[in-house]
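This briefing describes a single protein chain for readers at the start of their studies. Please keep the sequence and the structure in view while reading the points below.

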Amino acid sequence: MFSAVFSSARHSAQAKDMKVRVIYSSLVHGVEKFHFEGSAVPCQLLLAGDMAVPVAAGPSGQVLIAASRYGDGRVVVMGHEEYMQDPKFHQFLQNAIEWLKPQQDAVVGVCKKPQLADHLSKTGSKVKSLHRYDGSVGVFCCDAYDDHQAAELVEFVKGGGGLLIGGQAWHWAHTHKEDVLHSFPGNKITGVAGIYFTAIYGKKGSFPVPREIPHQSIFVQHGKDIKHDLGVLLDGIAQFDLSGQNVPSSVL
């Protein structure tokens, strides 16, 4: 029985690994370097989802672009909205849109990003300029600072739509007291796919695209008040008795 369970788990892990590799190779095809330069300061992304894939990461493992699947749809997240209009990212953006499309002739809705709309039109996509998601497109491109349509966009992706979204949360964190992971507008959308904007500055630079999926740092400053949480959880507890017949495992 145990060997059958182990074999099933191994095949499942292998299938997932293959899907993740396909996502990465599709998005970086023809891209030699990611140029995180200029005045825009990206934020580090936190990946927590089973299918969340680091697409672009700095030397220290800071993830600045990521992709994931949710329901029947797909999501690509960029650590700053300016990169969605930067000519240095044209090849990647073209790849991202093609990967996000539920079908080849899907209409791409672009919200307040004229340069992106112009680039996608020139590369063969059917583009519709929008001020907000209206349900008429297969892919929607927007920034991460408005959560008025968060529920609609989550359902859109879950039902098979593609979402390209960019933003940074460090400026928002300076002007809001709320928890970034829970309250930042973009996280109310991308969080369902296991990708979160953080308040951490991303290191800028020109980073080569590795053949294999880049390693991400497992140490991401998330801004949580862990000491307070522990105080609540351990209130009135002097010790844990782990003796007896049950043998626990370690938790990562």
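In this predicted model, Asp147 is partly exposed, with a relative accessible area of 25%. Its side chain forms a salt bridge with that of Lys188, with 2.8 Å from N to O. Asp147 belongs to the loop between S8 and H4 and Lys188 to helix H7, so that this pair links distant parts of the chain, 41 residues apart. Lys188 is likewise partly exposed, at 39% relative accessibility.

**Other salt bridges**

- The structure contains seven salt bridges.
- Glu212 is joined to Arg21 by one of them, and the closest N and O atoms are 2.6 Å apart.
- Because Glu212 sits in the loop between strand S11 (205-208) and helix H8 (226-233), while Arg21 sits in helix H1 (residues 2-28), the pair ties together parts that are 191 residues apart in sequence.
- Glu212 is partly exposed at 47% relative accessible area, and Arg21 is partly exposed at 37%.
- A network of salt bridges links Asp17, Arg21 and Glu212.

- Lys113 is found in the loop between strand S6 (107-111) and helix H3 (114-122).
- Is Lys113 buried or exposed? With a relative accessible area of 7%, Lys113 is buried, because the cut-off for this class is under 20%.
- Neighbours within four places in sequence aside, Lys113 is in contact with Glu81, Met84, Gln85 and Asp143.
- With Asp143, the side chain of Lys113 forms a salt bridge of 3.8 Å, N to O.
- Asp143 lies in strand S8, so this pair ties together parts that are 30 residues apart in sequence.
- Asp143 counts as partly exposed, at 25% relative accessibility.

**Nonpolar cores**

- The largest nonpolar core has 37 residues, of which Phe34, Phe92 and Leu164 touch the most other members.
- Helix H2 (residues 90-100) supplies the largest share of this core, six residues.
- Another core, of 30 residues, lies apart from it and includes Leu47, Ala52, Val75 and Ala193.
- Beyond its neighbours within four places in sequence, Phe34 has contacts that include Val28, Val55, Ile65, Phe89, Phe92 and Phe207.
- In soluble globular proteins, nonpolar side chains tend to be buried together.

**Helix H4**

- Which residues are buried in helix H4 (residues 150-158)? They are Ala150, Leu153, Val154, Phe156 and Val157.
- These residues lie on the same side of H4, because they cover an arc of only 160 degrees around the axis.
- An α-helix has 3.6 residues a turn, so residues three or four places apart point the same way.
- The cover over the buried residues of H4 includes strands S4 (63-70), S5 (73-78), S8 (139-143) and S9 (162-166), together with helix H7 (187-190).
- Gly160 follows H4 and has a positive phi, near 120 degrees.

**Cysteines**

- The whole structure has zero disulfides.
- For Cys141, the nearest cysteine sulfur is that of Cys142, 7.8 Å away, and Cys141 is in no disulfide.
- Cys141 is buried at 0% relative accessibility, and Cys43 is buried with a relative accessible area of 0%.

**The chain as a whole**

- The secondary structure consists of eight helices and 11 strands.
- Among the 252 residues of the chain, 45% count as buried.
- Of the contacts between residues at least 6 apart in sequence, 65% join residues at least 24 apart.

Terms used
Residues are numbered from 1 along each chain as its sequence is written. This is a predicted model: local features need pLDDT of at least 70, side-chain atom pairs count only at pLDDT 80 or more; totals for chains, interfaces and linings use all residues. Side-chain values use heavy atoms; hydrogens and water are left out. A nonpolar core is a set of buried Ala, Val, Leu, Ile, Met, Phe, Trp, Tyr and Cys residues joined through side-chain atoms within 4.5 Å. Buried means under 20% relative accessible area, exposed over 50%, partly exposed in between (1.4 Å probe, protein chains only). Helices (H or I, at least four residues) and strands (E, at least two) are DSSP runs, numbered from the N terminus. Contact means heavy atoms within 4.5 Å. The arc is that of the directions from the helix axis to the C-beta atoms. A disulfide is a pair of cysteine sulfur atoms within 2.5 Å. A salt bridge is a side-chain nitrogen of Lys or Arg within 4 Å of a carboxyl oxygen of Asp or Glu.
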